[in-house]
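The following exercises concern a single protein chain.

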Amino acid sequence: MVVDAVAPSDGSGAANVKVVRRVLQGLQQKSILQPNTVTEIEECLKERDTVAEHPALSPIDANAQRENPANQAAFAKTNGVTRPDKRQIEQRIEEDRERHKRLRESIWAIGADGDEEFERLWDEVSDIGEDDYIAAEEDAMERRQAIEVE
């Protein structure tokens, strides 16, 4: 299940729960997911959100984690919230970099025709009106005055 990959039950994906909820709502609005399916997934997310917010309610014993040195690195806690280890943080940073890189690349992508952007902009521009002629005359007059002053 995609939700398990993005927001695992161990609390490491607690930051993703809010985004998962927004995606689910969007899919429900587009009638891709049925309301009862979204409700079931929401119930699962509530449990995962509670685990992240309240470590005392976690199925894993917090005291056992603190006593076992092997678990301390993977389950570092700050203010009672499970914090991902350094490797997970670096992996997320790298994934974000790659995602943003692909987004920037798609901004500059040009179609095979190359004139699509020109045609789109040409269609969006309004026709020349009387105010455009007035503005052009004013600009020309300002240029003439600037030439005379020099």
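**Exercise 1.** State what the accessible surface of the protein comes to and what share belongs to carbon and sulfur atoms.

*Solution.* In this predicted model, the accessible surface amounts to about 12300 Å². Carbon and sulfur atoms hold 53% of that area. As for burial, 15% of the 150 residues count as buried.

**Exercise 2.** Identify the residues of the largest nonpolar core and examine the contacts of L24.

*Solution.* Step one: the core consists of eight residues, namely V3, A7, V17, V20, L24, V38, I41 and L45. Step two: at least two residues of this core come from each of α2 (17–29) and α3 (35–53). Step three: once neighbours within four places in sequence are set aside, L24 touches L33, V38, I41, E42 and L45.

**Exercise 3.** Locate D85 and explain why it has no salt bridge.

*Solution.* Step one: D85 sits in the loop that joins β2 (81–83) to α6 (86–108). Step two: D85 is buried, and the nearest side chain of opposite charge, that of R87, is 4.3 Å away. Step four: a polar atom of the D85 side chain does, however, lie 3.1 Å from the backbone nitrogen of Q88.

Definitions and conventions
Residues are numbered from 1 along each chain as its sequence is written. This is a predicted model: local features need pLDDT of at least 70, side-chain atom pairs count only at pLDDT 80 or more; totals for chains, interfaces and linings use all residues. Side-chain values use heavy atoms; hydrogens and water are left out. Helices (H or I, at least four residues) and strands (E, at least two) are DSSP runs, numbered from the N terminus. Buried means under 20% relative accessible area, exposed over 50%, partly exposed in between (1.4 Å probe, protein chains only). Lys and Arg count as positive and Asp and Glu as negative; His and the chain ends are not counted. A salt bridge is a side-chain nitrogen of Lys or Arg within 4 Å of a carboxyl oxygen of Asp or Glu. A polar contact is a pair of N or O atoms within 3.5 Å; within protein, one must be able to donate a hydrogen and the other to accept it, and residues adjacent in sequence count only if both atoms are side-chain atoms. A nonpolar core is a set of buried Ala, Val, Leu, Ile, Met, Phe, Trp, Tyr and Cys residues joined through side-chain atoms within 4.5 Å. Contact means heavy atoms within 4.5 Å. Accessible areas come from the Shrake-Rupley method with a 1.4 Å probe; for residues, only the protein chains shown count as cover.
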